[in-house]
Structures are given as C-alpha cells and as structure tokens.
Amino acid sequence: MATILSASKSAPATGHGRLILIAIVSCVVLSLAGLWMPRWLSFLLIMAAANGLVSLGIVGLMRGGVVPFGQGMMLAGGGYAAALVYNHLGFTDALGMALIGGVSAALIATPFAPLLSRYRGIFFAMLTLALSMVTYGLLMKLNMLGGSDGFNVGRPTLFGQELADGSVVYTLYVLAVVLATTMALLARIYFDSTRGLVTLAVKENELRVEYLGGSVRQAMTINFILAGFCGGVGGALAVMALGHIEPNFSFWTTSGEFVFVAILAGWQSVAAVFVASILLEVVRSFSSAYFPNTWQLVLGIFLLLVIRFLPGGIGSLWMGKKRK
C-alpha cells in the first residue's frame, strides 16, 4: 500500500501530456469517421458513449472496492434535469443540457454520499440499488413528470444554431465523442492523482490509509459525487439521442447493464470502459435482431467468457503489458 501512496510523487507530467495528445487525435479521427458512418451506427455509438460515461463512474468506485447497483438513479437524474430545462425553461443547447444533467445528478448524489461512504460490500450495493428503485417508484407516480409513460424531448440546438434533419445525428455523435474523450481524459488524470491513488489504497487497507493521515470517508464521498456527475452527463446525452425520458432509466435492470460494462472493462483502463460499452451495444443489437428471445443469454455467456479468460477485464489486455 505504501507503494500505491508514494506512486503519486513519481507520476510524470509528460505522461499526461502524451495522454492529452492521444485524446485529441482520437477525438478528431472519430469525429471525421462519423461523416461516413450510417445513421444507425452513429446512434449506436452515441448510446455506447452515454452508457460508457455512467459506467466510468462505477469504475471510479470499483477502484475503492465498492460496486454501486443504483447508477440508474444518476442516469435518470441527469436525463430528467436535461429534459425539464428543455421543455419548461426553453434551454435547448446540447452541451449546456449535458452539463446541467451532470451537475443535477451530482447534487442528487451529494446528500447520500456521506452515508454511503460508511458502507462496503453488499451493504453499499443494496443501499444504492434501494435508492435507485425508490427513484423509479417516485417517477412512476409523479404525473407532473409524465408518470409511467415519461415525456418527449425536442431536438436540441448547439451554440444557438438549429440542427438540420440531415445533421442532427452527426452533431450529437460528435458531441458524444467530445464529451466521452474529455471525461475519459479527466478521469485518467484523476485516477493518477494523489486522491485517485488513495482510493486504490482504500481498497487494499482502509486502516493504514487512516493511520497515514488520509480520510477514507472523504475519498469515497468525493468518488460517489463524481460518479453521479458522470452518470448525469450520460443520462442527458441519452435523452437527447432518444428524444424521450421515462422512469425505466432508474430501473434496476438498467443499473445492472452499467455494472456489466464496468466488470467487462475492469478498473485498470479508462479506454476499456468505452470499448466494453460499444461491445455491449453491438452484442445486444445484433443478438436482439437475430435471437430476440435469448439475447440476454448471449450477453451472459459473453460476460462469463471474459471473467474466465480475462479476470482483470478488457483493460488488462494492454494495461498488463505496460506494467511488465
């Protein structure tokens, strides 16, 4: 554990400079590639980016030794916030809606974070699941939010410009790529920071972290709030792509999909989270098309194979080589 805590002193600034360059190049390449993509693929990647952002928050918590089963609450919080400011306040900017979704979900997470930071293991998982299902029940009953049917959201704008019919999907795709790249880069920098490395130490031995002057509860509280922000941005992005919001955003099966992605990716690599999210969307789309009654079985077998042959997740394929 001492190695983990001292690693922050040796984190090279040049490494982050290289990461920023890779992120910029990747963002540009993916954005240009969208010009030749069919609409269905662009939409699939938008949803993969949205789900990947939610799962990114889960990975941040997994690094501290806990797994939340209630990130659907953050997805719904961000999605409903973005939809409400669009319909009731007339605020239609896509980037602004994404940020509002993230901030709203973080604010929702803030009152619960100090309480949840005390718990670990199954207790943390069940408490987050309970919060998500309470949110689902409330959304089902609140007629002012559309009840069980939810409500529609119109086409967003970007920097005050209306989006034409032929460019709306591509514009949202580019926005999704930019948001995913930015959030992934910030997450990597945070994970390599002192506080991020303290989170790894918490997973290994909480008592020693306290003896060395760190605050376990503070670290876990901050991680939960940051996970809420990631989930809210993902929820807002999903709502803009779908044009609809409903209580199922907070249902337990939705939260389970995000945990699926996080386990599939592993906690070592940020990029692996979005790779895993894309794999989930591809497998689900094609399995539901060709095996409509058994696509969940295909997903389950896929996850079992990954756990069996890649217990560290997809990210261990390249992160393990770097450590060697």
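**Exercise 1.** Are arginine 284 and glutamate 281 buried or exposed, and how are they linked to Glu257?

Solution. Arginine 284 and glutamate 281 are both buried, where buried means under 20% relative accessible area, exposed over 50% and partly exposed in between (1.4 Å probe, protein chains only). The model is predicted: local features need pLDDT of at least 70, side-chain atom pairs count only at pLDDT 80 or more, and totals for chains, interfaces and linings use all residues. Residues are numbered from 1 along each chain as its sequence is written, and side-chain values use heavy atoms, with hydrogens and water left out.

Next, the pair forms a salt bridge with its closest N and O atoms 2.4 Å apart; the term requires a side-chain nitrogen of Lys or Arg within 4 Å of a carboxyl oxygen of Asp or Glu. Because arginine 284 and glutamate 281 are three residues apart in helix H13, about one helical turn separates them. Helices (H or I, at least four residues) are DSSP runs, numbered from the N terminus. Finally, Glu257 joins Glu281 and Arg284 in a network of salt bridges.

**Exercise 2.** Find how many salt bridges the whole structure holds, then describe those of arginine 188 and glutamate 206.

Solution. The search finds four. Arginine 188 pairs with aspartate 192 at 3.3 Å, N to O. Both lie in helix H8, four residues apart, so the separation is about one helical turn. Arginine 188 is buried at 14% relative accessible area, while aspartate 192 is partly exposed at 24%.

Glutamate 206 pairs with arginine 120 at 2.6 Å between the closest N and O atoms. Glutamate 206 is in helix H10 (residues 206–211) and arginine 120 in the loop between helix H6 (113–116) and helix H7 (121–141), so this bridge ties together parts 86 residues apart in sequence. Glutamate 206 is partly exposed, at 31%.

**Exercise 3.** Which residues have the most contacts inside the largest nonpolar core, and which helix gives the most to this core?

Solution. A nonpolar core is a set of buried Ala, Val, Leu, Ile, Met, Phe, Trp, Tyr and Cys residues joined through side-chain atoms within 4.5 Å. The largest has 72 residues, and Ile46, Leu237 and Met240 have the most contacts inside it. Helices giving two or more residues to this core include H3 (39–62), H8 (168–192) and H11 (216–242). H8 gives the most, 14 residues. Apart from this core lies another, of 18 residues, among them Val66, Ala113, Phe124 and Leu131.
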